[in-house]
Amino acid sequence: MEAPAVELELPVKHLSATSLGMFMRCPEQFRRRYVLREKERPGAALVVGGAFHFANEVNFRQKIESKQDLPLDDVLSAFHAGFDEKIEENGGVEEIQWDNNIKPDTLRSRGAELVKGYHTQVAPKIEPITVEEEFNLEIDEVPVPFNGYLDLVAQTWPTPQELAELDALVISDMVRKHVIDYKTANKAQRTLKPEWLMQARLYQLQTGYPVEYHVAVKTKDPLILTPIDAPDLRIEPSSSALSLTTTLLQRVSRQIAWHWAEFGPDQTWPGAITHPWACNFCGY
């Protein structure tokens, strides 16, 4: 006789790429952040990355109708406003953990250079379709929806020089609809991090589109990386990969439900102090 299906109960109202990645890395970190709602001390990446996102959002949101990028000074003003807002949201300069004691003004300056580089090198080639689009995805056997935001859905048009250098298949890929996700990093990242791949596959469950990462590198000489420079930063959808992603979501939701039922909100969830780099990185 087949056992009756067990109704899963999760301690959250939705899952996201960030929360799933956190649970898979360390269930205890997930408990502290998403069950107890404890906040980690914010880092500089939150400030610079948030301001970079905001500047691009301001530009591309109006470009959907205008078909033109904003003047650079306007986008830089949006970046500085976003930078200040992120600091204020997180309790002021003294409450933020700045990278390697780099002064906030130095990071602001580097961030502004990243915005300038992206706006002049990449933005003119992008035809935005939607900006910061929220979605809620229902998945069989997962008791809560998967929630996410797509930074940008767009088409990208090659420059004349790229047309001369790229083959027809690459150009065809570029002008298809695709999801663009922005990342800021402390060093050049030309290959996918595992959590980026999972995030891309989750987005593809919703859209079916290729996903590409645009990486803004916060080095002394700022660098912008896209799939033109680093082809591995683009992920094509496939039916087998999306099937595996659905299975992953189902399995992880069962694991979260087990931890919740077994340990509840007050006991430490297994997984703490077992991941050296994550434990050094974690704010808890």
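**Contacts, rings and a mostly covered helix**

Setting aside neighbours within four places in sequence, K125 is in contact (heavy atoms within 4.5 Å) with Q155, T156, W157, T159 and E162. The model is a predicted one, in which local features need pLDDT of at least 70 and side-chain atom pairs count only at pLDDT 80 or more, while totals for chains, interfaces and linings use all residues. Residues are numbered from 1 along each chain as its sequence is written, and side-chain values use heavy atoms, with hydrogens and water left out.

Back to K125, which sits in the loop between α5 (104-121) and β1. Helices here are DSSP runs of H or I with at least four residues, strands are runs of E with at least two, and both are numbered from the N terminus. With 13% relative accessibility, K125 counts as buried. The labels work like this: buried is under 20% relative accessible area, exposed is over 50%, and partly exposed is in between, using a 1.4 Å probe and protein chains only. The side chains of K125 and E162 are joined by a polar contact of 2.8 Å. Such a contact is a pair of N or O atoms within 3.5 Å; within protein, one must be able to donate a hydrogen and the other to accept it, and residues adjacent in sequence count only if both atoms are side-chain atoms.

Next come the rings. The structure holds twelve aromatic pairs. Rings of Phe, Tyr and Trp (its six-membered ring) pair if their centres lie within 6.5 Å; planes under 30 degrees apart are stacked, over 60 edge-to-face, and the rest tilted. In one of the pairs, F23 and F30 have ring centres 5.5 Å apart and planes at 85°, so this pair is edge-to-face. Both F23 and F30 are buried. Y118 and Y182 also make an edge-to-face pair, with 5.8 Å from centre to centre and 85° between the planes. This pair links distant parts of the chain, as Y118 is in helix α5 and Y182 is in strand β3 (residues 178-185), 64 residues apart. Y118 counts as buried at 1% relative accessibility, and Y182 does too at 3%.

F23 and F30 turn up again in one aromatic cluster with Y34 and W269. R33 lies over the face of Y34, 4.8 Å from the ring centre; for a charge to sit over a ring, NZ of Lys or CZ of Arg must be within 6 Å of the ring centre and within 35 degrees of the ring normal.

Now for α2 (27-35). This helix is mostly covered, with seven of its nine residues buried: P27, E28, Q29, F30, R31, Y34 and V35. Those buried residues pack against α1 (17-25) and α9 (239-263). Just after α2, R37 takes a positive phi of about 65°, even though R37 is not a glycine. R37 belongs to the loop between α2 and α3 (44-66), and at 58% relative accessibility R37 counts as exposed. E132 is another non-glycine residue with a positive phi, this one about 50°. E132 is placed in strand β1 (residues 126-137) and, at 23% relative accessibility, counts as partly exposed.

Finally, the whole chain. The protein chain has ten helices and six strands. Buried residues make up 44% of its 284 residues. Of the contacts with a separation of 6 or more, 72% come from residues 24 or more positions apart. The C-alpha atoms fill a box of roughly 65 × 50 × 35 Å, taken along the principal axes.
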